[in-house]
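This briefing describes one protein chain, topic by topic. Please keep the structure open while reading.

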Amino acid sequence: ASASFVYETPLIEQGTILLGGTKMEFGFALRQQFFHKSVMLLLHHDDTFTKGIILNRPSALEVDGWRAWCGHGQVAEGGIFVGEERKTGQLEINALHSLAGAEADKVSTRVIKGVSYTSLENAKALVAAGVAEKSDFWVCVGYSGWAPGQLASEVETRDSWYLASADSGTLLTELLREARELPPPGDTAITADSGINTWSNLMRGIGREDDVLQSEGTLEDRMLQEWVRVHLLPKTSKPTPATPPPQVKVGTVLLTTVSPASKMPADRILIHDQFLHKAVLVVLAEDGPDGKLSACILNRPTADVFRFNLPGDPQRRVPFCGNLKLGGQLWLHHRPDLGGVALGDSGLLILPADEVVEKCKTNQATAEDFFFVGGVVQFGRSEIAGMLAAGEVKCVTPGSQLSGLWPRVWSLTTDDGSSISDGTEVWWLTSQCGAGDNLSASDPSDLADEALAEWLKYFAGR
């Protein structure tokens, strides 16, 4: 151990260690949390391509009976961690090891002295031949890839990484420590390791103690731990509700909230779509009995504005309605006298763009009467049923109380120079619809609230 070393280096080359940075303007709290405080080993680097794998993300999942380490949380992981809908690229598995001998050398690629990698199939063959044990391998699923010059740009202009050089003894000591601290794969009591301790140890090794101390307990740290919980542990089944969830159809108004049991929003909302936390939505379309539901968010105003080509140039704040853009224009209003297509019993109606213009030009309506929908979010039917059953989504009772709230919702997009609302007051008022005089406070959701505030800062200009 006394001969082990790790030091900071300016070189990007095969065998370089990348240590995730902590000073980027836009960190990994909201996206790709698996990169936060990651320890990356470059397996390959030349003028055409750079490839690396994350070393400090062990999972509680298995691949053919071998513990899977998360080499990347999205690319080439085959859906093992993030599921079929979010996977990118073909599955690639690299089995890291420190074996010496002709049999291992023949089927392996050396990274640095004492550290090589091979395929899972070759690792199985070496074990079957009696020249290795399963415990000799770290089975890393997925990889990171960089185009020419891309990694250098991330290092030099975005402070995304610290570069380090380490010997095999240092690396393997950390990997062995992580492996020893984990219960066997499949153990229902397991809590996966976020890998922050490994990152901290190596950062201290290159003299970055201050960065370690200053970044402890940040939002990024806590969001990484939630990412690990969601993606690197065995999936748990949601309980079957005693009564069927309410029917969701066109015009249903939905309210996202936190589960009474976990005090957390749905995993999708916390990890991927923070804009859905404390959201008020209305379902606009349904694609068949087993298809997806398209809904728009109504309480996420942004700093952007659009102007109407009308006398006085009235303008409104652009609402963020969803991450999937619509091809055309969709306008909502809540005045029955203006006509249009009713959205179920929500009290909202759709009016074509040309009729919106005509109503305004003939002084039958003003710009304040309309709500512009530029995007939607989609839910699978089984997904929304599961969220309803878990209490992560609620259907809002239609009626006069809900209809009476629409002017308040519409006012969120008024551009009067005031600060931009986060929409949570309207969300709470909507949550009281149907409650009568029995008003209730919302369950605490500090982490999700903080993540929403971060999203609003970067994407809504709040």
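Which residue in strand 6 does Pro 58 stand opposite? The residue is Trp 69. The model is a predicted one.

- Strand 5 pairs with strand 6 (residues 66-70) in the antiparallel sense, over 3 bridges.

- Strands pair through backbone hydrogen bonds, either parallel or antiparallel.
- In this second open sheet the pairing is antiparallel, and the order is 19-20-18-21-15-14-13-22.
- Strand 19 (341-342) and strand 22 (393-395) stand at the edges. Each has a single partner strand, so one side of each is left without a neighbour in the sheet.
- Strand 19 and strand 20 (residues 349-351) run antiparallel and are joined by 2 bridges. Here Ala 342 stands opposite Leu 349 in strand 20.

**Strand 15 and its partners**

- Is strand 15 mostly covered or mostly uncovered? Strand 15 is mostly covered, with 5 of its 6 residues buried.
- Strand 14 pairs with strand 15 in the antiparallel sense over 5 bridges. Val 282 has Cys 296, in strand 15, as its bridge partner.
- Strand 15 also pairs with strand 21, again in the antiparallel sense, over 4 bridges. Ser 294 stands opposite Gln 378 in strand 21.

- Helix 10 (residues 381-389) lies across strand 13, strand 14, strand 15 (292-297), strand 21 (371-380) and strand 22. The angle between helix 10 and strand 21 is about 85°.
- Helix 13 lies across strand 13 and strand 14, and runs at about 115° to strand 13.
- Which residues of helix 13 (residues 424-431) are buried? They are Val 426, Trp 427 and Thr 430. These residues cover an arc of only 105° around the axis, which puts them on the same side of helix 13.
- The buried residues of helix 13 pack against strand 13 (253-256), strand 14 (280-286), helix 11 (400-403) and helix 12 (406-410).

- In soluble globular proteins, nonpolar side chains tend to be buried together.
- The largest nonpolar core here has 70 residues, and Leu 276 and Leu 281 touch the most other members. Helix 14 (residues 446-460) gives the largest share of this core, 7 residues.
- Leaving aside neighbours within four places in sequence, Leu 276 is in contact with Thr 256, Arg 268, Ile 269, Leu 281, Ile 297, Val 377 and Phe 379.
- Another core, of 29 residues, lies apart from the largest one. Its members include Ile 17, Val 111, Tyr 143 and Val 212.

Notes
Residues are numbered from 1 along each chain as its sequence is written. This is a predicted model: local features need pLDDT of at least 70, side-chain atom pairs count only at pLDDT 80 or more; totals for chains, interfaces and linings use all residues. Side-chain values use heavy atoms; hydrogens and water are left out. Two strands pair if DSSP finds at least two bridges between them. Buried means under 20% relative accessible area, exposed over 50%, partly exposed in between (1.4 Å probe, protein chains only). The arc is that of the directions from the helix axis to the C-beta atoms. Contact means heavy atoms within 4.5 Å. A nonpolar core is a set of buried Ala, Val, Leu, Ile, Met, Phe, Trp, Tyr and Cys residues joined through side-chain atoms within 4.5 Å. Axes are lines fitted to C-alpha atoms, for helices over the stretch in contact, and angles run from 0 to 180 degrees between N-to-C directions.
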